[in-house]
Amino acid sequence: MKALLPIFCRPMGYVILIICLFLPFLFVMWGIINDNNLLFYKECIKLLMMIGALMILLALTKDETFETEKIRIKAMRNAVFVTFIFIFFNMLIKVATRDAELISSASFLTFLIINVICLEFGLKKDLVDKIFKR
């Protein structure tokens, strides 16, 4: 899978994710979020997190090679597998506790975050392998 975005989109994606982690707390402290608009801001933050994760996944790395493309594909495959397991057990627990109304709808966001984690792990593993093979 070839990268579609320029190199600067990768750190910018991480900045967006960090902002999305702290933005809801700041909004609550400033009184912007209340009971009437909580779901709206929740969905907006989820969309911003998806954009940040996609920017990380689709951006070029500093030393982009064919090996990096293979790592990106392998990360996608591992993320699909881990996400299905995570969602399955999450739904199983919710059904077992008879709390099926509160099953999370953020499965795509979960997939993207797990994909970013798998990609970063694969890139660091490849870097360590290159260092120790010399």
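**Helix α2 and its neighbours**

Helices α2 and α4 are roughly parallel to each other, because angles under 35 degrees count as roughly parallel, and their axes, which are lines fitted to C-alpha atoms over the stretch in contact, with angles running from 0 to 180 degrees between N-to-C directions, cross at roughly 30° and come within 9 Å. What we have here is a predicted model, in which local features need pLDDT of at least 70 and side-chain atom pairs count only at pLDDT 80 or more, while totals for chains, interfaces and linings use all residues. Residues are numbered from 1 along each chain as its sequence is written, and side-chain values use heavy atoms, with hydrogens and water left out.

Staying with this pair, the contact, meaning heavy atoms within 4.5 Å, is made on the α2 side by residues including Met49, Met50 and Ala53, and on the α4 side by residues including Phe108, Leu112 and Val116. The residues of that contact divide into 12 nonpolar, one polar and two charged, where Ala, Val, Leu, Ile, Met, Phe, Trp, Tyr, Cys and Pro count as nonpolar, Asp, Glu, Lys and Arg as charged, and the others, Gly among them, as polar.

Let me finish with leucine 60, which lies in the loop between α2 and α3. Leucine 60 has a relative accessible area of 30% and is therefore partly exposed, that is, between the buried limit and the 50% above which a residue is exposed.

Technical notes:
Helix = DSSP H or I, 4+ residues; strand = E, 2+ residues; numbered from the N terminus. Parallel < 35°, antiparallel > 145°, perpendicular 65-115°, else oblique. Buried < 20%, exposed > 50% of the residue type's maximum accessible area, 1.4 Å probe, protein only.
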